[in-house]
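Reader: I have a few questions about how the terms are applied here. Could you take me through them one by one?

Author: Gladly; let us look together.

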Amino acid sequence: MTQNIIFPHYMEDTDLELVRIKLAFPSKLSPAKLAAPTPLLPPPSSSSSSSFLLQQFFLPTPLPLVPPLPLPHSSSVPSTANSSPTRRKGAGPTRPSRTRKSPMNILRQGKSPTVPAPYPWATTERAKVRSLKDLLSGGIDKIKGDVQCKRCDREYQIEYDLQEKFHEVDAFFTENMDNLHDRAPPGWMSPRLPNCRICGQNNCVKPVLDKKRSINWLFLFLGQMLGCCKLAQLKYFCKHTKHHRTGAKDRVLFLTYVGLRKQLES
């Protein structure tokens, strides 16, 4: 039995009217009905075949309703402002925080804070001399030191009067302390050297500087020749006298003069 194929232009007037009504009122169809699948109908009869074809070819196919995606909660979003950095897997153990040690008076392994007194006016402590009162009460009023001429290379000793030379340096401090600004003046940075009594050359006799622990600090102070020391030697003095030893040479040299003057006045 052959089925009659019905095309839209052969529809009856009643069928066309039904199509117009359905197209004019699409909102009457509920979402549940639109989303429901089309039921399998038995083969349409000749009277309802026209409306069935109109539904299949002309009515839009309803789309399934998709629920909206949930908004992310604030607690689920990781905060990068206040969160601490995560530790990488496989990394080594964290290094414990270290307290910074004071660089003052730190000795190397095997070094002793005391040494044999290299001179009668020195103490057994490194870079420390006896006070002026102690020296005078002990009958020490002359300070000697080894020097070498830069012209003839001859070595000999120079002797200074303790009280006379100390008052000379102390008077310079009193008159110029406000203008020094914690810096050694040019006369201390490049001191005028004594004249050689052997070859007769001027400004050519320099002090003999050996190991740091055996430097004749009091002799250099009285002769105002501490500027002949290297920066490392001046830092050695400040280290063992608990003075700040960083900075340019003029600052470290000034602190050396201040430290020795304080030791003599103590």
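Reader: What span should helix 9 (residues 249-265) have, and how far apart are its end C-alpha atoms?

Author: First, a word on the source: this is a predicted model, where local features need pLDDT of at least 70, side-chain atom pairs count only at pLDDT 80 or more, and totals for chains, interfaces and linings use all residues. Residues are numbered from 1 along each chain as its sequence is written, and side-chain values use heavy atoms, with hydrogens and water left out. Now the helix: the expected span is 1.5 Å times one less than the number of residues. For the 17 residues of helix 9 that gives 24 Å, and the end C-alpha atoms are 24 Å apart, so the two agree.

Reader: What makes a run of residues count as a helix or a strand?

Author: Helices are DSSP runs of H or I with at least four residues, strands are runs of E with at least two, and both are numbered from the N terminus. The protein chain has 9 helices and 3 strands, in the order α-α-α-α-β-β-α-α-β-α-α-α along the sequence.

Reader: Why is Ser131 called buried?

Author: Buried means under 20% relative accessible area, exposed over 50%, and partly exposed in between (1.4 Å probe, protein chains only). Ser131 has 14% relative accessibility, so it counts as buried. Ser131 sits in the loop between helix 3 (49-57) and helix 4 (132-137). In the protein chain, 27% of the 266 residues count as buried.

Reader: Which residues does Ser131 touch, and what makes that a contact?

Author: Contact means heavy atoms within 4.5 Å. Not counting residues up to four places away in sequence, Ser131 touches Gln263, Leu264 and Ser266. Gln263 and Leu264 are among the buried residues of helix 9. The buried residues of helix 9 pack against helix 4, helix 5 (162-180), helix 6 (186-189), helix 7 (217-222) and helix 8 (231-240).

Reader: Why is Asp170 called buried, and which residues is Asp170 in contact with?

Author: Asp170 has a relative accessible area of 18%, so it is buried. Asp170 is in helix 5 and, leaving aside neighbours within four places in sequence, is in contact with Arg261 and Glu265. The C-alpha atoms of Asp170 and Val258 are separated by 10.0 Å, although the two residues are 88 residues apart along the chain.

Reader: Asp153 and Asp182 next: are they buried, partly exposed or exposed?

Author: Asp153 has a relative accessible area of 51%, so it is exposed. At 41%, Asp182 is partly exposed. Asp153 is in the loop between strand 1 (142-149) and strand 2 (155-161), and Asp182 is in the loop between helix 5 and helix 6. Asp153 has a positive phi of about 60° although it is not a glycine, and the phi of Asp182 is near 60°, also positive.

Reader: How many cavities are there, and what makes a space a cavity?

Author: On a 1 Å grid over the protein atoms alone, a cavity is a set of points where a 1.4 Å probe fits but cannot get out, and lining residues have an atom within 4 Å of a point. Grid points are joined across faces, edges and corners, and a volume is the space filled by probe spheres set on the points. By this rule there are 2 cavities of 30 Å³ or more. The largest cavity holds about 90 Å³. Of its 16 lining residues, Pro118, Ala122, Lys128, Ile215 and Trp217 are the closest to its centre.

Methods: On a 1 Å grid over the protein atoms alone, a cavity is a set of points where a 1.4 Å probe fits but cannot get out, and a pocket is an open set with protein on both sides within 12 Å along at least five of seven lines; lining residues have an atom within 4 Å of a point.
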